[in-house]
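Please look at the sequence and the structure before reading on.

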2 protein chains.
Amino acid sequence: MQIRDAAESDWPAMWAFMRPIVEAAETYPWAPDTPEDWVHAYWMERPAPASRLVAELDGQVAGTVEIHPNLPGQGSHVANAGFMVDPAFGRRGVGRALGEAALARAKADGFYAMQFNAVVATNTHAVKLWHSLGMSTLALIPGGFDHPKDGLVDMHLMFRVL
Amino acid sequence: MQIRDAAESDWPAMWAFMRPIVEAAETYPWAPDTPEDWVHAYWMERPAPASRLVAELDGQVAGTVEIHPNLPGQGSHVANAGFMVDPAFGRRGVGRALGEAALARAKADGFYAMQFNAVVATNTHAVKLWHSLGMSTLALIPGGFDHPKDGLVDMHLMFRVL
């Protein structure tokens, strides 16, 4: 597996697996009809210290992470990150590799800590994975996510110093 | 004290006390040099169900609150709010009145809950006030706020169902 910075030319391959994840609306607090240009701006266009990586497997983009300051100004020393992995490349360690790379990149870029604001509790694979990478659940936000199938479910707020 | 919807014509009076609060950068995770047009867009321009109120005392705008969805899409049933009170009208219950009004407005507008993401722990007056209005601290985010005088201080994540 190769982890490298995402290039604009990766976007069509990225959006191909990101779009169904957005449309399912089961893991991101975004509307299912969130337009491609909004996601592109969120993921690809934010200035440094924001960054984005892709994982390549078998010569294909298998997953991606974007990293950005969680808050402006006096909160900008804490990073936030978003991950999406192509289900076609599931169970091959793509999420773990991207998680490790994101923590390393955030630290290298001078961030003090990493915070995830909205890890959906029903996304148990992600919850376990982030815990195994040293992210701690500081809070469960009760009913913070309106799951299309399960209704109001909790969200984990996770944090770790880098 | 009168609590009413903010009008665009209130902005100069609002910005007069908001600007020093932004510049102090002790209570908001915004850079001290955050431009007026950014704050105006944040506070005044977001579409419904976002809203903003002012408190009037002695015929003057003494404080304001803005309310907006904390997250897009599947997280948009939870509100977030920001408050600023003119220190010249301190100790007269403006913050409490705005807090009560914000909770009532958010409920009336159909929000399920209210979440505050970044109540700076050194802002002890705000911490006590929000607790007294039924907001619970779900987590302390360690060192989440880079205070200009005190360095890294904790932030409260607060939440209550409406």
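## How the two copies meet

Through which surface do the copies meet? The model is a predicted one. In it, 100% of the interface residues of chain A are also interface residues in chain B, so the copies meet through the same surface.

Chain A is superposed on chain B by a rotation of 180° with 0.0 Å of shift along its axis, and the RMSD is 0.0 Å. The two copies are thus related as by a two-fold rotation axis. Among the residues of chain A, A:Ala139 comes closest to the rotation axis, with its C-alpha at 2.7 Å.

## Overall build of chain A

Chain A contains four helices and seven strands. Read from the N terminus, its elements follow the order β-α-α-β-β-β-α-β-α-β-β. The radius of gyration of chain A is 15 Å, close to the 15 Å that the globule rule gives for 162 residues, so chain A is as compact as a globular protein of that length.

Along the principal axes, the C-alpha atoms of chain A fill a box of roughly 40 × 35 × 30 Å. Of the 162 residues in chain A, 42% are buried. Among the contacts in chain A with a separation of 6 or more, 59% join residues 24 or more positions apart.

## The sheet and a helix packed on it

Strands of a sheet pair through backbone hydrogen bonds, either parallel or antiparallel. In chain A, seven strands form an open sheet with mixed pairing, in the order E1-E2-E3-E4-E5-E7-E6. Strand E1 (2-5) and strand E6 (136-147) of chain A stand at the edges; each has a single partner strand, so one side of each is left without a neighbour in the sheet. From one strand to the next, the twist averages 25°.

Strand E5(A) and strand E7 (residues 151-161) of chain A run antiparallel and are joined by six bridges. Here A:Met114 stands opposite A:Arg160 in E7(A). Helix H1 (residues 11-24) of chain A packs on the sheet, where it touches strand E2 (51-57), strand E3 (60-69) and strand E4 (78-85). The direction of helix H1 makes about 75° with that of E3(A).

## A buried loop residue

A:Asn123 lies in the loop between strand E5 (113-120) and helix H4 (124-132) of chain A. Is A:Asn123 buried or exposed? A:Asn123 has 20 other C-beta atoms within 10 Å, and a residue counts as buried if that number is 20 or more; A:Asn123 is therefore buried.

A:Asn123 and A:Thr27 are 96 residues apart along the chain, while their C-alpha atoms are separated by 6.7 Å.

Technical notes:
Residues are numbered from 1 along each chain as its sequence is written. Chains are lettered from A and ligands numbered from 1 in the order in which they are written. This is a predicted model: local features need pLDDT of at least 70, side-chain atom pairs count only at pLDDT 80 or more; totals for chains, interfaces and linings use all residues. Helices (H or I, at least four residues) and strands (E, at least two) are DSSP runs, numbered from the N terminus. A residue is buried if 20 or more other C-beta atoms lie within 10 Å of its own, exposed if 12 or fewer, and partly exposed in between; C-beta atoms are placed from the backbone. Two strands pair if DSSP finds at least two bridges between them. Axes are lines fitted to C-alpha atoms, for helices over the stretch in contact, and angles run from 0 to 180 degrees between N-to-C directions. Two residues are in contact if their C-beta atoms, placed from the backbone, lie within 7 Å. Copies are superposed by least squares on the C-alpha atoms of residues with pLDDT of at least 70 in both. The radius of gyration is taken over C-alpha atoms; the globule rule is 2.2 Å times the number of residues to the power 0.38.
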